[in-house]
Amino acid sequence: MVMKQEAILFIDVDDSASVRYNYREPHFAVARAQGLACLTAGVAGRHHLQRLRDDSDEVFLLEALSEQSILDLVGRLDGRYQIRAIFCQAGHPSALGEVGCIVANTCKRLVLVYSCAQAIAACNNKYLMRSVLQKHGLRSVPFALCNNEQELQAGAERVGYPLIAKPPFGGASAFIKKCSNWAQLRSHYAQFVSGHGAAAYADFYGCAHRLPAVDGQAREYLPGRSILLEGYIPGIEGSVECVVVGERIHPLLINEKLMLTERSGTVLENLLISPPTSFTAEQCEQIRTYATACLRAVGLTNAVVHFEFRMTDQGPVVIEINPRVGGLYVNAAFRDLAAINPYQLYMSMLLGEPGVNAQLEAGAHKVANGRQHYAMLAIYPEHSGRFKGIEGVQFLDHHAAVLEYAQLDAGHCLDADIEEHYLLKCWAKVDDAADAYALHDAIRHNLHVIIENKV
């Protein structure tokens with residue numbers, strides 16, 4: 001009898017010109033260290049196949065992104081591999097289909113560890129998320145989903161100004177704008193409808209589909225047409241990094257956003273600090289309790305979660321719930337504040353290994369007793385054009401506080417006004433918020449971004 005090799009299977013839908021997220025690779029590194037084979041499946045007709053081959057033991061092409069095509073592949077692999085886990089970047093809906101829900105349903109059928117598919121749908125579509133919170137009576141804001149200008153005007157009257165207009169699905173803060181009147185909103189909607197396809201994250205809008213009925217009214221979701229209006233949330237912005245093991249929710253880390261920049265069609269996060277310096281211990285407890293209540297309401301299971309909120313006078317109000325590890329240096333925050341590798345943790349969860357809750361309890365204890373502050377910061381393009389590189393990065397190499405940094409590869413053409421592009425991201429030790437601001441200023445002063453204007 002031939003011993004089958006144990007393996008994990010990643011379903012990849014990111015076929016954009018530049019890689020959208022670093023997700024498959026760190027999980028594969030952890031799995032490989034445990035002796036597991038690392039397999040990747042993508043949909044046939046991909047342009048960037050070599051990217052998958054570079055770090056996979058084998059790559060397979062599916063005829064479509066569907067439960068059946070994944071089940072068929074697992075059936076074909078059965079003679080050689082024992083598939084222990086199937087996963088994806090669940091926060092990346094695709095024009096091919098909502099990969100997180102498809103993988104969740106497939107895992108359920110194969111009796112593998114899975115996240116609740118309905119919950120992933122509610123996290124990725126902010127309209128559904130607001131609907132769930134409303135149903136459970138949790139603190140939220142008025143909202144309206146609009147598919148044309150007529151609905152937009154009626155929706156804005158219901159929600160009231162100022163409001164935030166944004167795609168219900170989406171990545172990289174694309175086409176998000178605070179609007180104070182009808183003229184601004186109408187202009188933003190026109191920009192979104194005409195320019196949505198130009199976004200590097202356009203694929204994140206997903207595909208057209210009918211939404212579950214809310215208030216007895218069924219709605220259509222149309223990528224590039226549907227836009228969500230939400231009441232503006234005043235206050236300091238932050239995020240809670242959570243882990244859900246089975247149904248048990250661990251709100252582990254809180255980050256505070258010290259500096260946000262509003263552009264014509266996006267909102268950029270320039271500087272964050274962890275642990276937060278503006279929230280009292282009582283407020284932090286309130287934030288954790290609220291995040292837990294929201295995650296329980298949407299019903300998310302078995303996931304690492306990036307939960308964004310603003311602290312209002314009434315208490316925290318959710319902005320979005322992402323069923324994935326947060327971007328920038330959230331992975332480093334897990335490591336340095338909680339002594340947890342989030343990729344290793346998620347792998348343990350998927351493989352059904354014992355001790356995950358205990359690991360998270362120990363991490364929470366370390367976070368509670370930690371005295372060191374850390375900052376993550378990002379530099380974005382000031383204007384659109386072709387990114388040529390950054391001069392002066394040796395300043396970071398010689399700076400005692402800087403623990404790690406990464407920069408975007410030169411050569412990309414960027415639109416600075418419609419979505420976020422990290423030209424450089426950095427993770428550093430700081431004393432307090434003032435120290436974090438000073439570091440941000442020093443980096444801005446010593447590094448020079450070179451962007452050639454588009455002709």
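**Reading charges in a fold**

Guide: Let's start with Glu 98, which sits in the loop between strand 4 (81-87) and helix 4 (99-109). Helices (H or I, at least four residues) and strands (E, at least two) are DSSP runs, numbered from the N terminus. This is a predicted model, where local features need pLDDT of at least 70, side-chain atom pairs count only at pLDDT 80 or more, and totals for chains, interfaces and linings use all residues. Residues are numbered from 1 along each chain as its sequence is written, and side-chain values use heavy atoms, with hydrogens and water left out.

Visitor: Then what does the side chain of Glu 98 have a polar contact with?

Guide: Asn 124, side chain to side chain, at 3.3 Å. A polar contact is a pair of N or O atoms within 3.5 Å; within protein, one must be able to donate a hydrogen and the other to accept it, and residues adjacent in sequence count only if both atoms are side-chain atoms. Beyond four places in sequence, Glu 98 also has Pro 93, Ile 120, Ala 121 and Phe 169 among its contacts, a contact being heavy atoms within 4.5 Å.

Visitor: How many salt bridges does the rule give?

Guide: The count is 24. One of them joins Glu 230 and Lys 166, with the closest N and O atoms 3.1 Å apart. Glu 230 belongs to strand 10 (residues 227-231) and Lys 166 to strand 6 (residues 163-166), so this pair ties together parts 64 residues apart in sequence. Both Glu 230 and Lys 166 are buried.

Visitor: And what about Glu 382 and Arg 444?

Guide: Those two form a salt bridge as well, their closest N and O atoms being 2.8 Å apart. This pair links distant parts of the chain, 62 residues apart: Glu 382 is in the loop between strand 16 (373-379) and strand 17 (385-391), and Arg 444 is in helix 14 (residues 433-446). Glu 382 is exposed, at 51% relative accessible area, whereas Arg 444 is partly exposed, at 34%.

Visitor: Which residues are linked in a network of salt bridges?

Guide: Asp 12, Asp 15, Arg 24, Glu 25, Arg 46 and Asp 55. Within it, the side chains of Arg 24 and Glu 25 meet at 3.6 Å, N to O. Arg 24 is buried at 5% relative accessible area, while Glu 25 is partly exposed at 28%.

Visitor: Zooming out, how many helices and strands does the chain have?

Guide: It has 14 helices and 21 strands. Of its 455 residues, 55% count as buried. Residues 24 or more positions apart account for 70% of the contacts with a separation of 6 or more.

Definitions and conventions: Buried < 20%, exposed > 50% of the residue type's maximum accessible area, 1.4 Å probe, protein only. Salt bridge = Lys/Arg side-chain N within 4 Å of Asp/Glu carboxyl O.
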